[in-house]
Amino acid sequence: MAASSSYSLIPGRHSELGMEYDDKHTGAAKTQGKSWGIFICWLLGNGCLFGFNGMLTIEDYYTYIFPKYHPTRIITLAYQPFVLVTTAIFTYHEAKVNTRLRNLAGYMLFFLSSFGVIILDVLSSGGGGIAPFVGVCIIAAAFGIADGHVQGGMTGDLSLMCPEFVQSFFAGIAASGAITSALRFFTKAYFENSRDGLRKGAMLFSSISCFFELLCVLLYAFVFPKLPIVKFYRSRAASEGSLTVTADLAAGGIKSRSNPLAEEAPAHTERLSNKQLLHQNMDYALDIFLIYILTLSIFPGFLAEDTGSHSLGSWYVLVLIASFNVSDLIGRYLPLIEQIKLTSRKGLLLAVISRFLLIPAFYFTAKYGDQGWMIMLTSFLGLSNGHLTVCVLAEAPKGYKGPEQNALGNLLVLFLLAGIFVGAVSDWLWLIGKGW
């Protein structure tokens, strides 16, 4: 069966990396454990940004102890170069990288960085000053290196599986923002009237983040690789010439062996180069790049510092960040409704470009509008960000072989992170004429 490269050419019997299945068992392997896989992907997506979102969500604490350093903007800029460079290096070498070690190293670094936030605060006794702020920036850079390991690695790995895994992973990334916002509301409200309450709430929040990152390490290391559906897709990718899944298969109890089809029909395991893949999918790469330039030029810096004072007081910024995060999460589930899922390449590009009308909309709303209009605009920013992200990342890998899907997933995440970096830099343009 030529269409399914993990199988021999004998109808009815398939030799998959030393494991034999008949047609009935193969069909079962493609679906067995799918629900658990979707849920675990959602948790792993949460872990991909839970720690760093935590740093952004306690920005009211950092703004209080570092009032002169624009922590919301500086922390984001300290994070971005490291995630971008790390992802670029892995994208260039993706065909030879051990995906399992890459992702485990990333999740471990997420855990250690979250723990570092607590240790730094304890050592500095919650004080301000340049030294603790440099420490915070170093931790943000470590989060960036961890994200460079995980986001591209997981996206590439899941791209060679079913689209629902990609959708669930990126929904989990958005959910991390929504969950961190909800937890921050709770900790702020609970400790608001207590002595040193802002600090206590931030540290409780960081402790929760630390525990969750450790959970992600355990799930990826011991649970996810043993799901039948995951073993099936990784086995198929290995038979198509992928070298990145060997360690994952071993963790799932499958010993890979050389694919006889590679010798009998070399074209079977040939794949398009990264350059060819990028040429064929330049519109998707441009889509994801522009989506995040626009989003990060507004969120979180503009929302945290340039929207004025309103009746919600110190809660206003938290409400705006929560509005974005919840709407972003909802947007990432909308593509599950086929009637509103964008699949047209031209339609996606048009929708992405039209979002830039939000820049003048935010400018005039901040200057003349009230908080209700700002919350509505922020919600639309998040909704469109989530919806378009999933549409692009779920559609692009279709029709390619496993190794090509892995490579394309890495390439698209590189453009996504490049968009985030350019957007974070562009966010400083809002400060023109404000005396800093």
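Q: What makes a stretch of this predicted model a helix?
A: A helix is a DSSP run of H or I that covers at least four residues, and helices are numbered from the N terminus. On that basis, Arg355 sits in the loop between helix H16 (345-354) and helix H17 (358-368). The chain as a whole has 19 helices and two strands.

Q: How confident is the predictor in this model, going by pLDDT?
A: The average pLDDT of the chain is 84, and 86% of the residues score at least 70. Residues 1-23 have a pLDDT below 50, although this stretch has 53 contacts in the model beyond near neighbours in sequence.

Q: Why is Arg355 called buried?
A: The relative accessible area of Arg355 is 3%. Buried means under 20%, so Arg355 qualifies as buried.

Q: What surrounds Arg355, leaving out residues up to four places away in sequence?
A: Arg355 touches Ile291, Leu294, Thr295, Leu381, Ser384, Asn385 and Leu388. Take Leu294: 61 residues separate it from Arg355 along the chain, while their C-alpha atoms are 7.5 Å apart.

Q: What makes the link between the side chains of Arg355 and Ser384 a polar contact?
A: The distance for Arg355 and Ser384 is 2.9 Å, and the cut-off for a pair of N or O atoms is within 3.5 Å, with one atom able to donate a hydrogen and the other to accept it. A polar atom of the Arg355 side chain also lies 3.0 Å from the backbone oxygen of Ile291.

Q: How do you know whether Asp157 is buried or exposed?
A: Asp157, in helix H6 (residues 130-159), has a relative accessible area of 2%. The limit for buried is under 20%, so Asp157 is buried. Beyond four places in sequence, its contacts are Thr99, Tyr220, Arg234, Val245 and Asn406. Across the chain, buried residues make up 57% of the 436 residues.

Terms used: Residues are numbered from 1 along each chain as its sequence is written. This is a predicted model: local features need pLDDT of at least 70, side-chain atom pairs count only at pLDDT 80 or more; totals for chains, interfaces and linings use all residues. Side-chain values use heavy atoms; hydrogens and water are left out. pLDDT is the predictor's confidence in each residue, from 0 to 100. Contact means heavy atoms within 4.5 Å. Buried means under 20% relative accessible area, exposed over 50%, partly exposed in between (1.4 Å probe, protein chains only).
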